[in-house]
There are 2 protein chains.
Amino acid sequence: LTLARVALDGMGGDYAPSAPVAGALLALSELDAEHRVQLVGRESVLRDQLRSHLAGEFSALAPFTSRIDIVDATDVIDMAEKPVAALRGKPNSSMHVGLKLQLEGKSDAFVSAGNTGAQMAISTVVLRLHHSVARPAIATVFPTSREPIVVVDSGANVDCSPAELVQFARLGVAYAESVFGRTNASVGLLSIGEEAEKGNAVVKETHQLLAASGLNFQGNVEGRDLPKGASDRGPFDVVVCDGFVGNVVLKFYEAVAPMIAGLLKDAGADDKLLGGALRHLDYSAYGGAPLLGVNGISIIAHGKSSARALKNAVKVAARAATARLDEHIGELLGEGQTGEKA
Amino acid sequence: LTLARVALDGMGGDYAPSAPVAGALLALSELDAEHRVQLVGRESVLRDQLRSHLAGEFSALAPFTSRIDIVDATDVIDMAEKPVAALRGKPNSSMHVGLKLQLEGKSDAFVSAGNTGAQMAISTVVLRLHHSVARPAIATVFPTSREPIVVVDSGANVDCSPAELVQFARLGVAYAESVFGRTNASVGLLSIGEEAEKGNAVVKETHQLLAASGLNFQGNVEGRDLPKGASDRGPFDVVVCDGFVGNVVLKFYEAVAPMIAGLLKDAGADDKLLGGALRHLDYSAYGGAPLLGVNGISIIAHGKSSARALKNAVKVAARAATARLDEHIGELLGEGQTGEKA
């Protein structure tokens, strides 16, 4: 796969349709010329938005419209809508239509900044899970003072069994290797002490399973190891935790950097210095988090995603598609032919 | 209680006996003249250390030695020793002797930077628990862009029941009110969404119990709310979580501020500006974390505590004693006379 066709939800997120339409143009201006973006949503709304962007701020990007396809979808899912209601009641939503394109072989990846619960539910139903996967998991990229690390699960599953946590480790390794180019990606288990016997009941049992899993398991890592991407035993690429802990830490991280920047600004720090130094802590640089475990690619972007964040999410999606993330997941799960588009 | 006699473990922590002995002198130089410090440990070691400090860096603090009592304790607990071994095998440890002083009415509080597990075990056995308390909890102070907040539990209990989490809330409220002067302290429940139905199984049930507890419950708070000490519903004083999540977030917080400071330094930020702006994020400013639920006061300081951190821990201990923290806990637990020293 050298070209990727990325379907982008034109109606999802706090700043839709403006941010996704601009994000599509920006992504195409940076991606290789084989890639295309499929903007999915109400056709007239998306065409109007595209016209208005091209008449204004984004006029220089007009040449890239030739690589945008608009795919009509009449229903729009609300940010606060119950996932099951969205799944059952809106078969023509931009999410449903966008994900179905992959099933039909017309698209290679899907990105949305819309209702996360709905995206998880519709992705699972439309794409289905790899046959050995019990529950899909969200993998988030955490910036560190070294290379970024992959934290999985970041919020899809709150109460997890040890076997599920081991599966999250496999999914995270596939992602770190396919999309971030890590070799024999190493795995840390998030706990409250470095020794195997530290942690809660689920974590202690998971430690034993990971040690016997054949994965490159580095043992427990603690909260203090996350900002440096390394424990006393060395660096790690993937951190495994349940979605409750992962989500708390993710949201804390997203909020603590701006808080510290605020303290420094009050103390008279230079805006440009701050912006430059803290740039790579900005989650929008990483664009989106894949829902791992489905047969296909579904990238969850932050509800507050800007055009820049969605640009980066589309680029992550294109990279995941061309790197055959999904095929790699099948291999790591010990599946034979996964039936993926190659 | 207007004077406090604080017993300080002279042998505990990575920098003992130097840091505790210096911390005692520094604390006395800042506390009112009624307060005393009892340095507990090997008498000859402590006397030698005191002499050496007074002959060197701390010579100006010589007048304060008159308010230091040295209490001999022959055994020393190792940082890596198993708590049960320390408890059973070393009845004359500095921890055991220091805590027993409270039981005998000779001391009002105990502080140690030593083996945390041993301190929890020995505190529980020597001081015993309030009769309605099932498990003691560690309360940590988190700096925020507003006032600091109290996070409980920060590591004593990894698998908690909803009823235990409600008890942690009561303990945290007593601490926030007694020691931090909060009125009708408000409680947030750490979760992954603001709605009552968000969270894992234990958290969802805890939400219902807290809503009916009579406490000033503000609902769920998320990771992103911690750095500002407020959710969309307003500020909160106490955050309740199990000790696994609390410990992960605490250690992450302790490590992320230095990591960000490092990025800024690399970008050329001024050391003095950084130090000034980030000063109140330094955990050593808050000194120590009380083990709440025991009959008495036991303050757990970081193993890496400097003299300054131990100074602050002694001050926290003195404040907890004079504010009658333990009596307040008895009241909030609905106990009658707690038999505390008044």
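Biologist: What rotation superposes chain A on chain B?
Modeller: This is a predicted model. The shift along the axis is 0.0 Å, and chain A lands on chain B with an RMSD of 0.0 Å. That is the relation of a two-fold axis. The rotation is 180 degrees.

Biologist: What share of the contact residues of chain A recur in chain B?
Modeller: The same surface serves both copies. The share that recurs is 100%.

Biologist: How many disulfides does the structure hold over all chains?
Modeller: Take Cys160(A), which is in no disulfide. Its nearest cysteine sulfur belongs to Cys241(A). A disulfide needs sulfur atoms within 2.5 Å, and these two are 8.7 Å apart, too far for a bond. Over all chains, the number of disulfides is 0.

Biologist: Is Cys241(A) buried or exposed?
Modeller: Buried means under 20% relative accessible area. Cys160(A) has 9%, so Cys160(A) is buried. Cys241(A) has 5%, so the answer for Cys241(A) is buried.

Biologist: Are helices α8(A) and α9(A) roughly parallel or roughly antiparallel?
Modeller: Helix α8 of chain A spans residues 243–266, and helix α9 of chain A spans residues 271–278. Their axes come within 10 Å and cross at roughly 160 degrees. Angles over 145 degrees count as roughly antiparallel. Therefore α8(A) and α9(A) are roughly antiparallel.

Biologist: Is the crossing of α8(A) and α9(A) left-handed or right-handed?
Modeller: The α8(A) side of the contact has Ala261(A), Leu264(A) and Lys265(A). They meet Asp271(A), Leu274(A) and Leu278(A) in α9(A). The crossing of these two helices is right-handed.

Definitions and conventions: Residues are numbered from 1 along each chain as its sequence is written. Chains are lettered from A and ligands numbered from 1 in the order in which they are written. This is a predicted model: local features need pLDDT of at least 70, side-chain atom pairs count only at pLDDT 80 or more; totals for chains, interfaces and linings use all residues. Side-chain values use heavy atoms; hydrogens and water are left out. Copies are superposed by least squares on the C-alpha atoms of residues with pLDDT of at least 70 in both. Contact means heavy atoms within 4.5 Å. Buried means under 20% relative accessible area, exposed over 50%, partly exposed in between (1.4 Å probe, protein chains only). Axes are lines fitted to C-alpha atoms, for helices over the stretch in contact, and angles run from 0 to 180 degrees between N-to-C directions. Helices (H or I, at least four residues) and strands (E, at least two) are DSSP runs, numbered from the N terminus. Angles under 35 degrees count as roughly parallel, over 145 as roughly antiparallel, 65 to 115 as roughly perpendicular and the rest as oblique. A crossing is left-handed if the near helix is turned anticlockwise from the far one by less than a right angle, and right-handed if clockwise.
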